[in-house]
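We will go stop by stop.

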Amino acid sequence: MAKILIAGAGYGGLTCAVELEKAGQPFTLINKHDYHYFTTLLHEPAGGRNKFEEYKVNLHDVLRKESSKLVKGVVTGLSPQENKVLTDKGELSYDYLILALGNAPEYFGIPGMAEHAMLLRSWDTARKIHEHIEHMFRMYRDDRDETRLRIIVGGAGLTGIELCGELAEWMPELMATYHVPAEKVQLINLEAAPTILPMLDEGLRKAAEEVLTKKGVQLRTGTAIVKVNENQVELKTGEVIDARTIIWTGGVRANPLIAAAGFEVDPRGRAKVNEHLQSVDFSNVFVIGDSAWFTGPDGKPLPPTGQAATQMGAVAAHNVLRIMKREPLETFTLNYMGTLASLGAEVGVGNVKGMKTKGVSAALMKEGSKLKYLWQLGGLRLVNKKRGQLSSRR
Ligand code: NAD
């Protein structure tokens, strides 16, 4: 029987595994953790909405067939020329590989960023951000160092803006707990481009700006960070801001293992794939999600999103099955559902299926998309297991 290996259990890898399991196809899935976390929602627990445990599912709760082999391990290298994946648990060989290793931070060579900024990229880092900010407020009680109350978020894409919305809602709670006057707290978003959320139209952007400004976020567009020191950012204007919390949400690139393995890559290190999601270099390797360089019918490379990764995962699974049955392969086309940005628990902006939405309705749609995703992974069983845990401020 053909050996199928999936590397990574993010949105793409796990969806692929679920589809293969449904089809009764055995496979091996290697992942760093024995759980899957909801990457696009990590700003919520980072800012104190809900418990952290609600933002991950155990892989064994999703993949329950004995024929689905789960390996908890870290991929350390790829050798597509030899059909092998190198891991900290030894080499794994395959006939078909689905590479779903996600992304890495894009630092654009900004000195000090990697060393001194925190990232919102995994369940662990979301937790670190949350604990760090609370620790800063606690320490302020003792030393009255006001840089402890200044939070810098670098980048106003979806990650940065959603995080700011969530942190802004948490601030009043922290101020009350640690007896900090509101005027001492500063939540600053620094964005190099002239606008926040460039993927949304001007009306929605303005709505988001209004909501965030009202919540106390200082939005500074046209403001590039050029250097980061310990507890300090330097701006292109020459201005220097001291802050004990610096979070970088300035963009992502592909997992560096891809370029290192000799795949043809784009400037963001993503492996070029054909319309069936096969690597153009190795046809038995499917590359999906944030590490895939897929060019849509409009000639533009697809941006890295959770919805694209999920849909790619399903198509990659179908195509592996089709190859084995000698059937023609499925062509990947993104079914674009829209973009929703939450601005705290009860407000959002975005467009869904071409319709603009803002306010409570956008926030409710975002809640709905969480349930839909759980349903896709594990049906009613998983929805019930997690239901009631969602959307309650802890
Ligand atoms: P991004 O690349 O979309 O945004 C990063 C922002 O940082 C940009 O606006 C950029 O101009 C800014 N920036 C870059 N260098 C800077 C500098 N030196 N100083 C100040 N600002 C700087 O990154 P992201 O928000 O992490 O998103 C990554 C991908 O994930 C995107 O494709 C996004 O659509 C997707 N995503 C989707 C959702 C969602 O659907 N809700 C949530 C999060 C991320």
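Two strands count as paired if DSSP finds at least two bridges between them. Helices (H or I, at least four residues) and strands (E, at least two) are DSSP runs, numbered from the N terminus. Now click leucine 119: its bridge partner in E18 is tryptophan 248.

This is a predicted model: local features need pLDDT of at least 70, side-chain atom pairs count only at pLDDT 80 or more, and totals for chains, interfaces and linings use all residues. Residues are numbered from 1 along each chain as its sequence is written.

Axes are lines fitted to C-alpha atoms, for helices over the stretch in contact, and angles run from 0 to 180 degrees between N-to-C directions. Contact means that the C-beta atoms of two residues, placed from the backbone, lie within 7 Å.

**The ligand**

How many residues surround the ligand? There are 27, and the closest are Gly155, Gly157, Leu158, Thr159 and Gly251. A residue is near a molecule if its C-beta atom, placed from the backbone, lies within 6 Å of it. H6 gives the most to this shell, with 4 residues. Colour the shell by type: 14 residues are nonpolar, 11 polar and 2 charged. Here Ala, Val, Leu, Ile, Met, Phe, Trp, Tyr, Cys and Pro count as nonpolar, Asp, Glu, Lys and Arg as charged, and the others, Gly among them, as polar.

**The two domains**

Colour domain 1 (4–32 + 73–105 + 252–336) and domain 2 (107–250 + 337–394). These bounds come from an automatic or database domain assignment. The centres of the two domains, taken over C-alpha atoms, are 29 Å apart. Their contact takes 6 residues from domain 1 and 7 residues from domain 2. Why does the ligand lie between the domains? Both domains give residues to the shell around the ligand, so it lies between them.

**Two crossing helices**

Select helix H1 (residues 11–22) and helix H9 (residues 306–324). Their axes come within 7 Å and cross at roughly 35°. The crossing is right-handed, as the near helix is turned clockwise from the far one by less than a right angle. Show side chains: Tyr11, Cys16 and Leu20 are among the H1 residues that meet H9, and Ala309, Met312 and His318 are among those on the H9 side.

**The antiparallel sheet**

Last stop. Select the open sheet of 3 strands, E15-E16-E17, with antiparallel pairing. Neighbouring strands are turned by 20° against each other on average, direction ignored. Strand E16 (residues 232–235) and E17 pair over 3 bridges. Finish on glutamate 234, whose bridge partner in E17 is valine 240.
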